[in-house]
Amino acid sequence: MGWELAVVFVERETQVARLRGLLADCLGARGSVVAVSGPIASGKTELLHVFGEYAQSRGAVVLHAVGRCAEQKVPLGVMGQIFRHARFSPDERDRALRLPGDGGVAPCDADLLPAGRMPARVAQTQWELLRGLSERTPLVVVVDDLHFADAASLDSLIHIGGLIRTSRVLLVVAEPDAPSEGDVTERSWRTSLLRRHFTRIRVRPLSVRATGEMLAGLIGPAPAAGRAVESWHRLSGGNPLLLRALAEDHHATLPRSAEPVVGEEFGRAVDACVRRAGARIRDAARALAVLDASGSADRLAQLLGRSRTWVDETLEAMNGFGVLDAGRYRHPAARAAVLAGMPAAERAALHRDAARLLHDGGEAVSTVAVHLVAGRSEEPWAFPVALAAAREALRRDDTRFAGGCLDVASEACAEEEQRVTVAMLRSLVDFRTDPDTACRRLRPLVTALREGRLSGCQSVSLLGRLLWNGSGEEITVALRQLERSSHVLDATSTAEYHAAREWLHVSHPALLAGASARTRPERPARTADGSPPRIAGVLNRLLRSGPDQESVRSAELVLQTTTLDDGSFGTIQMALSVLVYADRCALAVSWCDALLRESAERAVPVWQALFSAIRAEIAIRQGDVRLAERHSRRAMALMSPGSWGIRIGSPLSSLLLSATATGTLTDARDTPTAMLPEQMFQTRYGVQYLHARGRQRLSLNLLHGALDDLTRCGRLMREWDIDLPAFVPWRNAAVETLLRLGRTDEARRLAAEQLTLVSPAQPRARGTALRSLASVSDPRRRTALLREAVDLLGAGGDRLELAYALADLSEVHTRAGQNNRARMVARQALDIAEENGLDPLIRRLKAREARGTGEERGEGVTVLSGSELQVAALAVSGHSNREIAEKLFITVSTVEQHLTHAYRKLRVKGRADLPRSLQQVEPSAGRARERARPAPRDQAAVSGGTGSPSSPRRVPAS
């Protein structure tokens with residue numbers, strides 16, 4: 001059963017009553033012609049079906065036929081359906097459908113019938129057969145969709161309609177309320193029947209009340225009640241076919257709502273309505289769907305090449321059957337369905353015509369470009385229109401449409417310069433989602449640059465694109481070409497070139513290591529006209545000379561005055577970095593969070609990734625390592641490693657530092673460092689990564705690997721003149737590593753050097769430097785250094801470093817015998833560590849607390865041998881391995897062995913974890929205990945194989 005037959009039959013009682021009255025007249029030998037008219041899909045077919053069943057119940061024979069668009073050119077196609085009824089014999093059927101032709105007769109051959117008319121004797125034969133049947137039984141002839149009937153059948157029906165007045169024949173036809181197609185036969189049908197025994201019965205769209213009644217039968221009474229019915233009526237226009245389609249979509253949607261939901265069935269129903277309405281409605285509907293918001297009646301008339309009157313009549317008919325409302329599609333799904341139902345070639349041709357029409361009419365480029373993208377055009381005006389529309393689409397963050405516009409522009413290119421422009425802009429579009437693909441698209445332009453086929457302006461633009469992910473070789477090629485042609489650049493290109501070089505100094509310093517002073521222009525931090533300075537220069541100076549108030553003001557000015565877009569996001573990113581490396585993290589947080597929200601709202605993955613990486617770096621500096629891990633992982637998930645390129649060092653460094661602080665990376669193999677680009681290690685992102693990996697290796701006790709990473713990091717930073725502790729404090733971790741390796745003198749030198757490089761205006765950087773210096777200082781000075789470090793780190797907002805400084809201070813108090821104060825400070829450190837998930841520090845503090853209890857009972861003294869106790873006591877007092885060896889007249893190697901045994905027995909990691917109570921142990925106590933023990937079988941076991949204490953063999957410390 002089709003849609004219409006299944007429609008609940010409502011609000012058609014008056015029409016049924018009239019048809020029944022006409023049938024009664026027919027039974028009394030008063031035949032007539034009835035035309036049932038109304039909008040497309042308004043229920044006319046259902047009405048004919050219901051009436052046909054009633055007529056059969058009254059003893060009438062119902063002969064049914066349907067006009068079909070595909071058979072409109074087949075002569076007697078409709079009459080053939082009528083005479084195929086079982087009441088007619090094969091001979092009668094042959095007589096009714098026989099047409100004149102050469103050499104005899106042939107059924108239903110379009111070539112044999114003269115155009116436009118039906119032979120009178122054929123029509124008379126058909127009437128005689130119908131009248132003969134009606135004399136035996138009342139006869140109802142039903143023809144649905146009369147507007148699709150062939151011309152010959154229309155002539156027959158006109159002839160029959162003029163003869164049925166005194167017969168028991170009732171002719172019922174259905175046709176839509178649609179404007180005439182202009183066909184002579186169609187007009188003659190109406191004119192002729194108006195002079196006959198003619199009755200018109202109109203079927204109107206459903207009212208709101210009838211819509212509710214029909215919905216109650218389709219979806220149940222509860223959802224079809226109340227104000228929601230008005231929404232269903234408004235969306236369907238009272239068209240039963242559209243209403244039923246909405247009901248089907250309702251059943252297919254979960255969870256269900258009382259409000260209508262537009263789905264696939266609604267679209268199919270709209271397309272069916274348009275197709276059934278005839279060629280005139282179909283053509284107008286398709287043209288209107290193509291024009292969309294630009295589809296005024298005048299423009300529709302121009303596009304179709306029709307008069308305004310023709311268009312007004314057509315639109316009125318479409319309003320009538322519910323597809324349109326005031327000349328516009330009621331729902332976008334209706335327009336989409338009509339477009340989808342068009343042949344692709346026809347749709348493209350209409351779009352091209354629409355583009356030309358709108359362009360000639362002075363419409364906006366974005367409006368014209370919609371049709372260019374859908375239809376393509378190689379006309380000369382297409383290139384500038386498509387290019388301008390692509391740039392406008394990027395400003396709207398519509399990268400898909402921008403890409404389509406660039407496809408049009410590419411096809412319309414007539415010159416090499418135009419192709420370069422398109423390639424540059426396409427790389428910008430691709431960059432938003434996949435920088436790796438964007439960079440690969442530039443490779444042909446690099447070739448063109450090598451061959452000298454790019455202008456100076458184009459070369460500068462290409463350099464700017466290559467700075468993201470281009471290889472060092474490609475960037476070097478661009479630099480060389482620009483150095484040779486820098487004297488012919490215009491003012492704008494020159495400024496862009498200098499800005500690119502400043503950015504290279506900041507991020508790729510190795511590429512400019514041999515550049516001359518002439519090509520390293522310095523710019524003032526504040527421009528003469530008050531506009532934002534070039535922030536790359538500000539960041540460049542900050543990394544080399546340290547921060548000042550002018551740097552911070554310049555960064556704030558950039559952030560306050562710069563709109564986030566494809567050309568400015570790099571500038572904004574560097575302004576945030578200035579605030580971060582100037583230890584203004586609290587200020588940077590508010591800006592970075594706002595930019596992250598904007599990037600997410602505008603759905604630009606690359607921006608989100610970059611700002612997430614900066615947010616992770618800020619979180620590291622504030623000691624919020626859990627937040628840092630979340631942001632760094634999100635940053636790396638938003639872009640592939642290939643798209644990150646050299647910048648992968650930024651989020652990866654934050655991830656390593658956060659995982660090291662929380663203890664979630666327990667093995668070097670857990671580090672996500674596969675396929676890191678080698679070129680990264682020649683950039684500032686590489687030194688960030690080396691520092692983070694060094695810290696990770698230090699936490700895993702891979703001391704030599706840690707020291708290699710940290711010293712390499714420091715060497716590169718010194719070579720590039722960006723050795724700023726607020727940027728990468730590599731010396732802090734190197735000091736700790738050297739201490740564990742027993743290289744105390746080197747550790748002291750680095751710690752002192754670190755302190756000289758930080759400014760009092762940088763509380764975080766200075767606090768970490770003081771903590772590092774305290775670790776290599778005399779115990780009497782250590783307390784003051786750590787107290788100052790705690791104060792500065794609290795002011796600087798770094799909770800991670802503050803927790804470790806408090807833990808160190810607690811140990812100092814313990815060594816001084818100030819146990820109550822030590823426990824109080826340790827509790828502060830533990831609270832911060834537990835709040836931030838610093839598991840390694842938590843374990844250290846709790847182990848120290850447990851050892852403190854044991855030390856009070858003297859357990860540390862009882863488990864060690866005399867020699868081990870002597871060495872450990874001197875180590876706790878701050879003596880280096882060389883000093884201990886000299887005091888005890890043993891080698892440095894023996895000292896290291898005793899310390900290793902002491903660490904194992906006391907279950908500590910290193911010198912810093914030795915019980916402070918060992919400071920109270922007298923060396924004589926160790927010797928007395930040693931004498932009380934049985935002598936070892938091998939004296940070398942005590943002295944490390946270096947000889948007896950009476951004749952020491954001194955070995956230089958390594």
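# Exercises on a predicted model

The protein's secondary structure comes to 49 helices and nine strands; helices (H or I, at least four residues) and strands (E, at least two) are DSSP runs, numbered from the N terminus. This is a predicted model, where local features need pLDDT of at least 70, side-chain atom pairs count only at pLDDT 80 or more, and totals for chains, interfaces and linings use all residues. Residues are numbered from 1 along each chain as its sequence is written, and side-chain values use heavy atoms, with hydrogens and water left out.

## Exercise 1: the whole chain

Find what share of the residues in the protein is buried.

Solution. Start with the cut-offs: buried means under 20% relative accessible area, exposed over 50%, partly exposed in between (1.4 Å probe, protein chains only). The protein has 958 residues, and 53% of them are buried. Next, turn to contacts (heavy atoms within 4.5 Å). Take those between residues at least 6 apart in sequence: 68% join residues at least 24 apart.

## Exercise 2: helix H2

Which residues of H2 are buried, and where do they lie around the axis?

Solution. Step one is the length. H2 covers residues 13-27, 15 residues in total, and reaches 21 Å from its first C-alpha to its last. That is close to the expected 21 Å at 1.5 Å a residue (the expected span is 1.5 Å times one less than the number of residues).

Step two is the list. Gln15, Val16, Leu19, Leu22, Leu23 and Cys26 are buried. They line one face of H2, because they fall within an arc of 125 degrees seen down its axis (the arc is that of the directions from the helix axis to the C-beta atoms).

Step three is the other face. Turned away from the buried side are the exposed residues Glu13 and Thr14.

Step four is the packing. The buried residues of H2 pack against helix H3 (44-57) and strands including E1 (32-38) and E5 (139-144). After H2 comes Ala29, with a positive phi near 70 degrees.

## Exercise 3: helix H25

What covers the buried residues of H25?

Solution. Check the span of H25 (residues 472-485): its 14 residues should span 20 Å at 1.5 Å a residue, and its end C-alpha atoms are 20 Å apart. Among its buried residues are Ile475, Val477, Leu479 and Leu482. The cover includes helix H23 (443-450), helix H24 (456-469) and helix H26 (491-507).

## Exercise 4: a helix pair

Describe how H31 and H34 pack.

Solution. Two packed helices are described by the angle between their axes and the distance between the axes. For H31 (residues 605-621) and H34 (residues 649-662), the angle is about 35 degrees and the axes are 9 Å apart. Axes are lines fitted to C-alpha atoms, for helices over the stretch in contact, and angles run from 0 to 180 degrees between N-to-C directions.

Now list the contact. H31 brings Ala613, Ala616, Glu617 and Ile620; H34 brings Ser650, Pro651, Ser654, Leu657 and Ser658.
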